[in-house]
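Here is a short report on one protein chain. Look over the sequence and the fold before reading on.

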Amino acid sequence: MSQSKLEVLTPQNAQLIFIDHQPQMAFGVQSIDRQVLKNNTVGLAKAAKIFKIPTTITTVETQGFSGYTYPELLDVFPNQKVLERTSMNSWDDQKVRDALKANGRKKVVVSGLWTEVCNTTFALCAMLEGGYEIYMVADASGGTSKEAHDYAMQRMVQAGVVPVTWQQVLLEWQRDWARKDSYDAVMELVKAHSGAYGMGVDYAYTMVHKAAPRTQTPHEALAPVPAPASKAAE
């Protein structure tokens with residue numbers, strides 16, 4: 001393993017690319033629940049926004065086949081240009097190569113569809129021809145079957161790709177809870193996208209630290225009122 005892969009991901013050394021998070025591509029995903037996939041993808045995007053990670057969004061055959069990128073993902077990055085392609089392999093498009101180069105960071109975090117096609121070909125070519133390190137976000141990517149996803153991940157790992165999960169990336173970027181400039185935003189993201197972990201944070205904030213519930217509108221709780229015992233129970 002190269003020494004550079006022993007370096008943790010930081011907001012200063014990483015960039016991110018989203019590949020083909022489009023409806024027609026998501027329809028074919030069978031390796032992960034598709035709502036979970038979207039949740040994880042948008043969570044990863046919001047993490048990148050918090051830490052100001054240079055981010056590239058690329059799509060394939062939007063009008064002819066795949067449809068538009070998830071609106072929830074696009075809205076994380078207002079006014080950002082989406083890089084359209086014809087090739088399944090993002091590395092084949094010069095705009096993508098130029099965007100990665102302009103970001104000036106060799107550690108590329110990847111989230112895309114499908115794992116066995118668009119992710120794998122991009123990862124192998126970006127490593128071989130571009131000298132990039134690839135960090136593949138396994139739970140913000142999906143394949144057409146569990147086997148397709150798993151074997152693609154194995155193939156990439158054998159080639160030197162580093163497998164990660166979206167929450168792992170988020171917490172690696174945060175690293176230290178003493179970093180208060182990002183603490184609150186990370187906690188809000190965790191509460192919204194991290195499932196049971198987020199529920200635990202909500203519980204700690206409200207029950208332990210006595211914070212108000214984070215509902216958008218007030219909700220009054222009515223005290224218990226015991227009903228009279230029925231005659232059948234007497």
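How many salt bridges does a search of the whole structure find? The count is nine. This is a predicted model.

## Salt bridges

Start with Glu133 and Lys107. They form a salt bridge, with the closest N and O atoms 2.7 Å apart. Glu133 sits in strand E5 and Lys107 in strand E4 (residues 107-112), so the bridge ties together parts 26 residues apart in sequence. Both Glu133 and Lys107 are buried. Salt bridges with shared partners also bring in Glu7, making one network of Glu7, Lys107 and Glu133.

Another pair is Glu129 and Arg97. Their closest N and O atoms are 3.9 Å apart. Glu129 belongs to helix H6 (residues 115-130) and Arg97 to helix H5 (residues 94-103), so this bridge connects parts 32 residues apart in sequence. Arg97 is partly exposed, at 27% relative accessibility. Asp202 and Arg214 form a salt bridge too, at 2.9 Å from N to O. Asp202 is in helix H10 (residues 195-208), while Arg214 is in the segment after H10, 12 residues apart. Arg214 counts as partly exposed because its relative accessibility is 41%, between the cut-offs of 20% and 50%.

## Nonpolar cores

In soluble globular proteins, nonpolar side chains tend to be buried together. Here the largest nonpolar core has 38 residues. Phe18, Leu44, Phe77, Val109, Leu170 and Trp173 have the most contacts inside this core. Helix H2 gives the largest share, six residues.

Take Leu170 as an example. Beyond its neighbours within four places in sequence, Leu170 contacts Ala47, Phe51, Val186, Leu189 and Val190. Another core, of 21 residues, lies apart from the largest one. Its members include Ile17, Cys118, Tyr132 and Ile134.

## Packing of H9 and H10

Helices H9 and H10 pack at an angle of about 120°, with their axes 6 Å apart. H9 is therefore oblique to H10. Their crossing is left-handed. On the H9 side, the contact is made by Tyr183, Met187, Val190, Lys191 and His193. H10 contributes Gly195, Tyr197, Gly198, Val201, Asp202 and Tyr205.

## Backbone exceptions

Most residues other than glycine have a negative phi, and most peptide bonds are trans. Asp20 has a positive phi of about 60° and is not a glycine. It is in the loop between E1 and H1. Is Asp20 buried or exposed? Asp20 counts as buried, because its relative accessibility is 0%.

Asn79 also has a positive phi, near 70°. This residue is in the loop between helix H4 (71-74) and strand E3 (83-85). At 81% relative accessibility, Asn79 counts as exposed. A cis peptide bond joins Leu113 and Trp114, with omega about -10°. Trp114 lies in the loop between E4 and H6.

## An exposed alanine

Ala102 lies in helix H5. Its relative accessible area is 66%, so Ala102 is exposed. Ala102 and Glu172 are 70 residues apart along the chain, and their C-alpha atoms are separated by 23 Å.

Methods
Residues numbered from 1 in each chain as written. Predicted model: local features only at pLDDT ≥ 70, side-chain atom pairs only at ≥ 80, totals over all residues. Heavy atoms only, no water. Core = buried A, V, L, I, M, F, W, Y, C linked by side-chain atoms within 4.5 Å. Buried < 20%, exposed > 50% of the residue type's maximum accessible area, 1.4 Å probe, protein only. Helix = DSSP H or I, 4+ residues; strand = E, 2+ residues; numbered from the N terminus. Contact = heavy atoms within 4.5 Å. Salt bridge = Lys/Arg side-chain N within 4 Å of Asp/Glu carboxyl O. Axes fitted to C-alpha atoms, helices over the stretch in contact; angles between N-to-C directions. Parallel < 35°, antiparallel > 145°, perpendicular 65-115°, else oblique. Left-handed = near helix turned anticlockwise from the far one by under 90°.
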